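Subject: Model for your files

Hello,

Here is the structure I said I would send. My notes on it follow below.

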Amino acid sequence: MSRTALRICPLCEATCGLTLTIDGTRVTGARGDRDDVFSKGFICPKGASFGAVDGDPDRLRTPLVRRDGELREATWEEAFDAVAAGIRPVVERYGPHSVGVVLGNPNVHTMAGALYPPVLLAALGTRSLFTASTLDQMPKHVSSGLLYGDANAIPVPDLDHTDHLLLIGANPLESNGSLCTAPDFPGKLKALKARGGTLTVVDPRRTRTARLADRHIAVRPGADALLLAAMAHVLLEEDLADLKDLAPHVEGLPELREAVRDFAPEAVAAACDVDAGVIRALARELAAAPTAAVYGRIGSCTVPHGTLASWLVDVLNILTGNLDRPGGALFPQAATDRTPRPAGPGRGFALGRWHSRVAGHPEAKGELPISALAEEIDTATDEGEPVRALVCVAANPVLSAPDGDRLDKALGSLDFMVSVDPYLNETSRHADVVLPPPPPAQSAHHDFAFNTLAVRNQVRYTRPAVPLEPGRMAETEILARLVLAATGMHGADPAAVDAMVIEQSLGKAAKDPHSPVHGRDPRDLAARLTGVNGPERRLDMMLRLGPYGDGFGARPDGLSLEKLLAHPHGIDLGPLRPRLPQPLRTRSGRIELLPAPIAGDLPRLRAARQASPAALVLVGRRHLRSNNSWMHNVPALTGGSNRCTVHIHPDDADRLGIADGAPVRVKGAGGEVTAPAEVTADVRPGVVSLPHGWGHDRPGTRLAHAATDPGVNVNQLLDGSLLDPLSGNAVLNGVPVELTPVG
């Protein structure tokens, strides 16, 4: 007999509520949860395919350990014995920085990925951290850190109330949103237009989102920061800037005025390939709107001036008085955020506290550029030991990072590698140990990261929809045991990891005069935690100490795990509200409008005004039914428009003699690939587009469906040398390429 169970979807950032249909232990269907307080029944093709994702026959069921050069099935005990035997000697002989940690995008979509990697990093003491953030969003973290003193203080557009929305480098009708957690983003854009609002999209491609817009600006790839700087220039030159209630919280306005003086629309129009009059109109419309929000995403991050573009997005929101204002861009407050502290100066945000060993890239937010991972493994220097062992959690950098061929070879040279991954993919095939987490239906779920970016404050938690299958191990236990094995405590009870975190956290809270539990006994507080396991007890602790929490009885109406479990569809905590100055952690206690690192990078942007554009440049693209490389192994999420083709404008196709559907060779600094051409006016002339995440043709993987239509790895066109200097983010868009027809 079938039954239903609730589950929060982990397949993209929208975090929609699902109602699963389950026969025995198998998920046979998924529909939107109409009673979910956040998504209200919305579902996309990825969520509808939850059962197929969950039941993918290529998911690993048992650990794999390399013996005599081959990965073979092993027991969990054998696997963790091998992890301890592989990592500890490397640490003891070469030091903690010789162990690298790579965290992939799916890591952020699980409770385990939020709770345990920080413990692992702290226990190892390594500075060799590489994550998917430097392929995506690091420029936004850096610009937020410099502006507000907190790299995680990212304002999001108030989609439900704004009158004017400017999207740059974003395609939420395909991606469902990013760094802006919003179920039914398409519906919110349609509602904006229905209430008389204006939608403007800046993108070199005529995306599905661009087709919905009132105005589409086909900017030249990589020129986003120039366009935004020119808009800031117009606001200041024409006295259109009005900080409104922000004025007491902002410093550096005169310096900003001087800094953008050289970016008049007429000075950047040629580089942007956007008429100066259009740029002035964009700025004037933004200033005239009753409320407005500017929102930039991956297209404006993965370019040579990604941090400057991310900074300028917020500058425009500040100059028009729309930051921290309903209808503008506001700071969410998640239920598991730290206890709010009184406003005042903080420690600020620093870049370059250490540097990568080979190229000297500065760290950002504790991370080194993932583009530098291969050289940190395969290059010897006098500046310390190479990375000799690697812990890879839910990451496939052979496909997602530049120059996968070099990284592929470098991984093969490691002394030891362990992957936490459900698949044997292009990266995990190199591991000495593979630890497979269970399917998502067998895991509990709470969105720690994405609730800090949500367009409405809410909290939801779902326990496992299906019991843990015999022989499986919960991902939380896998990562807890990994912490123990990697840090010299192999064999200890994995519950000790959670107990240690709880003890330390409650001890700090009891000493904090701003905490609701100041002065109380941490042992008594720990005894009052509820939950069936350590992860639930940690969630209960965070909820009770958080901004809406019950403070362990200090606020009887507040949140706790017990209260959340009584509301299976979630608890609505209300619309986003103005929060300044409380989120500010700069040394001045104010928004620092022109931080020194930003000012130091502006000469590079000025020089870009005169740069000669390449004849053809590359941009990526995303499909609605695909989010990461592993989704290509799910038949329901491939085919149709989700194909690995080269989009090329008809004018360029005619000039180069390329026919629709014919194979075309694309060559970049890192190599070349061949894929079918798809001639379309949806890209502007001079631009070609390839989707990311493809290239499933390497031997030794177990991705049967993906291998039937492998596509090509777009990141092999990149050699990894192009980075945004402030954030270390890889430059994936606006990269020069050459196209030639094949045969």
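Lys140, Pro155, Val294, Tyr295 and Val313 lie nearest the centre of the largest cavity, among the 13 residues that line it. A cavity here is a set of points, on a 1 Å grid over the protein atoms alone, where a 1.4 Å probe fits but cannot get out; lining residues have an atom within 4 Å of a point. This is a predicted model, in which local features need pLDDT of at least 70 and side-chain atom pairs count only at pLDDT 80 or more, while totals for chains, interfaces and linings use all residues. Residues are numbered from 1 along each chain as its sequence is written, and side-chain values use heavy atoms, with hydrogens and water left out.

The volume of the largest cavity is about 90 Å³, where a volume is the space filled by probe spheres set on the grid points, joined across faces, edges and corners. Strand S8 (156-157), strand S13 (293-296) and helix H15 (306-319) each give at least two residues to its lining. Helices (H or I, at least four residues) and strands (E, at least two) are DSSP runs numbered from the N terminus. By class, the lining has nine nonpolar, two polar and two charged residues. Nonpolar covers Ala, Val, Leu, Ile, Met, Phe, Trp, Tyr, Cys and Pro; charged covers Asp, Glu, Lys and Arg; the others, Gly among them, are polar. In total, the structure holds seven cavities of 30 Å³ or more.

Next, the helix pairs. The axes of H3 (residues 76-94) and H19 (residues 475-486) come within 8 Å and cross at roughly 40 degrees. Axes are lines fitted to C-alpha atoms, for helices over the stretch in contact, and angles run from 0 to 180 degrees between N-to-C directions. H3 and H19 are therefore oblique to each other (under 35 degrees counts as roughly parallel, over 145 as roughly antiparallel, 65 to 115 as roughly perpendicular, and the rest as oblique). On the H3 side, Trp76, Phe80, Val83, Ala84, Ile87 and Arg88 are in contact with Ile478, Arg481, Leu482, Ala485 and Ala486 of H19, contact meaning heavy atoms within 4.5 Å. This contact has nine nonpolar, no polar and two charged residues.

H12 takes part in two further pairs. With H10 (residues 224-237), the axis of H12 (residues 265-272) comes within 9 Å and crosses at roughly 160 degrees. That makes H10 roughly antiparallel to H12, and the crossing is left-handed. Leu226, Leu227, Ala230, His233 and Val234 of H10 meet Pro265, Val268, Ala271 and Cys272 of H12, a contact with eight nonpolar, one polar and no charged residues.

With H13 (residues 276-288), the axis of H12 comes within 8 Å and crosses at roughly 115 degrees. H12 and H13 are therefore roughly perpendicular, in a right-handed crossing. Pro265, Glu266, Val268 and Ala269 of H12 make this contact with Ala276, Ile279 and Arg280 of H13; the classes are five nonpolar, no polar and two charged.

Two backbone points remain. Most residues other than glycine have a negative phi, and most peptide bonds are trans. The bond from Leu580 to Pro581 is cis, with omega near 5 degrees, and Pro581 is in the loop between S19 (571-575) and S20 (591-592). Asp68 has a positive phi, near 55 degrees, and is found in the loop between S4 (64-67) and S5 (70-73).

Regards

Terms used:
On a 1 Å grid over the protein atoms alone, a cavity is a set of points where a 1.4 Å probe fits but cannot get out, and a pocket is an open set with protein on both sides within 12 Å along at least five of seven lines; lining residues have an atom within 4 Å of a point. A crossing is left-handed if the near helix is turned anticlockwise from the far one by less than a right angle, and right-handed if clockwise.
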